[in-house]
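Me: Hi! I'm new to this one, could you walk me through it? Here it is.

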Amino acid sequence: MSDYPTLPADLLPVDGRFGCGPSKVRPAQLDAIARGAAIIGTSHRQPAVKDVVGEVRDGLAALFNLPEGYEIVLSLGGATAFWDAATFGLIEQKSAHLSFGEFSGKFAKASKQAPWLQEPQVVAGEPGTAPSPSELDGTDADVVAWAHNETSTGAMVPVTRPNTEALVLIDATSGAGGLPVDLNEADAYYFSPQKCFASDGGIWLAAMSPAAIERIAKIKESGRFIPAFLDLQTAVDNSRKNQTYNTPAVATLLMLADQVRWMNENGGLDGMVTRTTANAQALYGWADANEQATPFVKEPSARSLVVGAIDFDDTIDAAQLAKALRANGILDVEPYRKLGRNQLRIGMFPAVDTADVEKLTGAIDYLLEQGVGAK
């Protein structure tokens, strides 16, 4: 029996999954796996699986209103693998980064550790802040990079080209599909599917510009050593055939295809941003009105629509709140582990219903009234 209060039924969300990745999966996506079960365990080089990859690529092209000449490229390993692949296949000599949290900092670290590249330029911001892309104006780097949404802190930075000829690489792992974007402003908008796309991880996808694809070919032809698994030219060549170089998780592709179809059928990217905006308004509006809680990101325009981090004052132990919520089936609202703050972090991706966010805030209020977390 739990040591924590039981929430009244009217405060329980219909779905209690609020994780920031892996995130809530719609039941229809699991049904899609069942419907596609006949192709699980079959060759990914044959039409049945390639058709699913093609559906994903076409659906993402429609969702993002892909500019002329851009292509959807995919491969295995997730966004972490893409950072390493980019050090081999997209950065010619030097990169420049906005670093304002754990994940935006990791790409900068990968570039710094690559011995064939020059020391990267890093414009650092404190966690919870959102530096401007204009801070990279005039850089001598040939790649500039930042995160559309910093998953660790809930800060978002717009996708706008700095005043530079460098390629623009955007980590959109937690933002793609839930934040507005004009892909004319980026050359590689890359992401994993376990956030807004409510699928399992293990793959990366990227909307790539002609300039990015040309850079990949140029570096490949230069003779630079590139490990086969991280070879972006191989990823481009295979994606054009609607396949991956290595064997993919077909169940993940089935879930992803269903989610992309659902997104396009429900208003496309604009429809998804409407959903995440409503979620964010519910969460931040509650925090602004609560004397014991406040949004971690102070600048309202920089507060993420898809990941909300809420600080609590020193009279409350947020870790105890998270445990009490978990005991009642409300899951994964703990803060990012390395940030070490007294806060909750809440996923507000398109699959999350605003009514459930409102139930969550009501549940937190109820637990606070019951003295849960009081120091």
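This is a predicted model: local features need pLDDT of at least 70, side-chain atom pairs count only at pLDDT 80 or more; totals for chains, interfaces and linings use all residues.

Me: What volume does the largest cavity have?
Reply: The largest cavity has a volume of about 40 Å³.

Me: And how do its lining residues divide into nonpolar, polar and charged?
Reply: Seven residues of the lining of the largest cavity are nonpolar, two are polar and one is charged.

Me: Which elements supply at least two residues of that lining?
Reply: Those are helix 4, residues 102–113, and strand 4, residues 143–147.

Me: How many cavities of 30 Å³ or more does the count come to?
Reply: The count comes to two cavities of 30 Å³ or more. About 30 Å³ of space lies in the second largest cavity.

Me: OK, what lines the second largest cavity?
Reply: Its lining is made up of S75, L76, A81, A85, W204, F229, L230, D231, L232 and A235. Strand 1 (71–76), helix 3 and helix 6 (232–239) each give two or more residues to this lining. By class, the lining of the second largest cavity has eight nonpolar residues, one polar and one charged.

Me: Switching to pockets, how much space lies in the largest pocket?
Reply: About 370 Å³ of space lies in the largest pocket. Its lining has 26 residues, and C20, G21, F103, Q194 and K195 lie nearest its centre.

Me: Which element gives the most to the lining of the largest pocket?
Reply: That's helix 3, with four residues. Helix 3 spans 78–89, and strand 5 (149–150) also supplies at least two residues of the pocket lining.

Me: New topic: at what angle do helix 9 and helix 10 pack?
Reply: Helix 9, residues 318–327, and helix 10, residues 354–369, pack at an angle of about 115°, and their axes are 11 Å apart. The crossing of helix 9 with helix 10 is right-handed.

Me: And which residues meet there?
Reply: From helix 9, L321, A324 and L325 meet L360, A363, I364, L367 and L368 of helix 10. The residues of this contact divide into eight nonpolar, no polar and no charged.

Technical notes
Residues are numbered from 1 along each chain as its sequence is written. Side-chain values use heavy atoms; hydrogens and water are left out. On a 1 Å grid over the protein atoms alone, a cavity is a set of points where a 1.4 Å probe fits but cannot get out, and a pocket is an open set with protein on both sides within 12 Å along at least five of seven lines; lining residues have an atom within 4 Å of a point. Grid points are joined across faces, edges and corners, and a volume is the space filled by probe spheres set on the points. Axes are lines fitted to C-alpha atoms, for helices over the stretch in contact, and angles run from 0 to 180 degrees between N-to-C directions. A crossing is left-handed if the near helix is turned anticlockwise from the far one by less than a right angle, and right-handed if clockwise. Contact means heavy atoms within 4.5 Å. Ala, Val, Leu, Ile, Met, Phe, Trp, Tyr, Cys and Pro count as nonpolar, Asp, Glu, Lys and Arg as charged, and the others, Gly among them, as polar.
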